[in-house]
Amino acid sequence: MIGEVTGIRKIRMLYLQLLYRCNFTCLHCFHGKRLQYADAFTAEEAVSLLSLMRDEYGTEAVTLLGGEPFVYRELPQVVRHAKQELGQRVEICTNGYRIERRLTEIAPHLDLLRVSLEGVGSTNDGIRKRGSYQSALSSLSLARDLGVPTGATMTVTSRNIGEVLPLASILGQLGVRQLKLHHLRPVGNAADHPELLVTDTTAYGRLREELARTRLPLEVIVDEDLSESGAPEVCAPSGGPREIDRIEADPRGGLTMSCKAVGKDSHAFWYEKAANRIVHRPSTTDELTLSVPDVVYARA
């Protein structure tokens, strides 16, 4: 269905939100009230979607996230299916909070563990949860000891923009390979915390300059919209590529692609779980947020 409507024949990665539920209520979480929703994939629905995407669009990799994927009971079953049955690359995005037992169980089938951090020590804990910083570092250390490659993500806010480089240094010492920096958007919980927004957008330019001249212990990937001009507000089709990097599935079955690739149809597809099929539901919204490229600062 996606191919017939958009011309896309290959989608390299599926971002699969297994559930909305989370054991954190981070101040900046874009899900907001959705964290209270019970929507979730069953293990059978998740593996069916994985198989469908592999068979119809050649999907080679899956990133499992939520909510918090480690509170999803069937996580080992989904991970094993993706790796053993489908031969896919498997990545998990997590808050890293008390995941040691389950991480040890799935480690042989995991290609990357990516942990979210929002700064160093109390800065992180003030945004995420008390004790979450040390727990995240412990999970990263355990993953390293288990032979699982690791990465991290950080949403840049007014509280932590000055801690990007100190955090990168700490993560590098733990063997973390990559840090992704994301732009904070005033949606979800962040809408109730405008003080977290970076109002002096020239600070983004200073951050980029600092990253460019610093010998980094790991690769840093920066959202293109971490800039003074930000991201374009209006989405327009770019000519219909035959291949795209990713598609995202939310716990209800809603599918989202970059509107840079498919224009107003970026939110127009749904996975019908019971029928195991993707259907087209044309969008009624004309203006959508544009997905933009990242800038990479390689390790020294």
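Which side chain meets Arg 281 in a salt bridge? The partner is Glu 272, at 3.9 Å from N to O. The model behind this report is predicted.

## Salt bridges

Side chains of opposite charge can pair when their charged atoms come close. A search of the whole structure turns up 15 salt bridges.

Asp 250 and Arg 252 form another salt bridge, at 2.5 Å from N to O. Asp 250 is buried, with a relative accessible area of 11%. Arg 252 is partly exposed, at 40%.

## A link across the sequence

Lys 273 and Glu 45 meet in a salt bridge of 3.8 Å, N to O. Lys 273 lies in the loop between β10 and β11, and Glu 45 lies in helix α2 (residues 43-57), so the pair ties together parts that are 228 residues apart in sequence. Both residues are buried.

Lys 273 has a further neighbour. It lies over the face of Phe 41, at 4.4 Å from the ring centre.

## Aromatic pairs

A pair of aromatic rings is described by the distance of the centres and the angle of the planes. The count here comes to three aromatic pairs. One of them joins Phe 24 and Tyr 97. Their centres are 5.3 Å apart, with 65° between the planes, and the pair is edge-to-face. Phe 24 is in the loop between β1 (10-17) and α2, while Tyr 97 is in the loop between β3 and α4, so the pair ties together parts 73 residues apart in sequence. Phe 24 is buried, at 3% relative accessible area. Tyr 97 also counts as buried, at 12%.

Another pair is made by Phe 41 and Tyr 271. Their ring centres are 6.4 Å apart and their planes meet at 20°, so this pair is stacked. Phe 41 lies in the loop between β1 and α2, and Tyr 271 lies in strand β10, so the pair ties together parts that are 230 residues apart in sequence. Phe 41 and Tyr 271 are both buried.

## Two helices in contact

Helix α6 (residues 132-146) and helix α7 (residues 164-173) have axes that come within 10 Å and cross at roughly 35°. From α6, Tyr 133, Leu 137, Leu 140 and Arg 144 take part in the contact. They meet Leu 167, Ile 170, Leu 171 and Gln 173 of α7. Six residues of this contact are nonpolar, one is polar and one is charged.

## Backbone exceptions

Most residues other than glycine have a negative phi, and most peptide bonds are trans. Arg 98 has a positive phi of about 55°. This residue lies in the loop between β3 (89-94) and α4 (100-106). Arg 98 is exposed, at 65% relative accessibility. Asn 276 also has a positive phi, near 50°. Asn 276 is in the loop between β10 (269-272) and β11 (277-280), and is partly exposed at 34%.

Where is the cis peptide bond? It joins Gly 66 and Gly 67, with omega about 15°. Gly 67 lies in the loop between β2 (61-65) and α3 (75-85).

Note on methods: Residues are numbered from 1 along each chain as its sequence is written. This is a predicted model: local features need pLDDT of at least 70, side-chain atom pairs count only at pLDDT 80 or more; totals for chains, interfaces and linings use all residues. Side-chain values use heavy atoms; hydrogens and water are left out. Axes are lines fitted to C-alpha atoms, for helices over the stretch in contact, and angles run from 0 to 180 degrees between N-to-C directions. Helices (H or I, at least four residues) and strands (E, at least two) are DSSP runs, numbered from the N terminus. Contact means heavy atoms within 4.5 Å. Ala, Val, Leu, Ile, Met, Phe, Trp, Tyr, Cys and Pro count as nonpolar, Asp, Glu, Lys and Arg as charged, and the others, Gly among them, as polar. Buried means under 20% relative accessible area, exposed over 50%, partly exposed in between (1.4 Å probe, protein chains only). A salt bridge is a side-chain nitrogen of Lys or Arg within 4 Å of a carboxyl oxygen of Asp or Glu. Rings of Phe, Tyr and Trp (its six-membered ring) pair if their centres lie within 6.5 Å; planes under 30 degrees apart count as stacked, over 60 as edge-to-face and the rest as tilted. A charge sits over a ring if NZ of Lys or CZ of Arg is within 6 Å of the ring centre and within 35 degrees of the ring normal.
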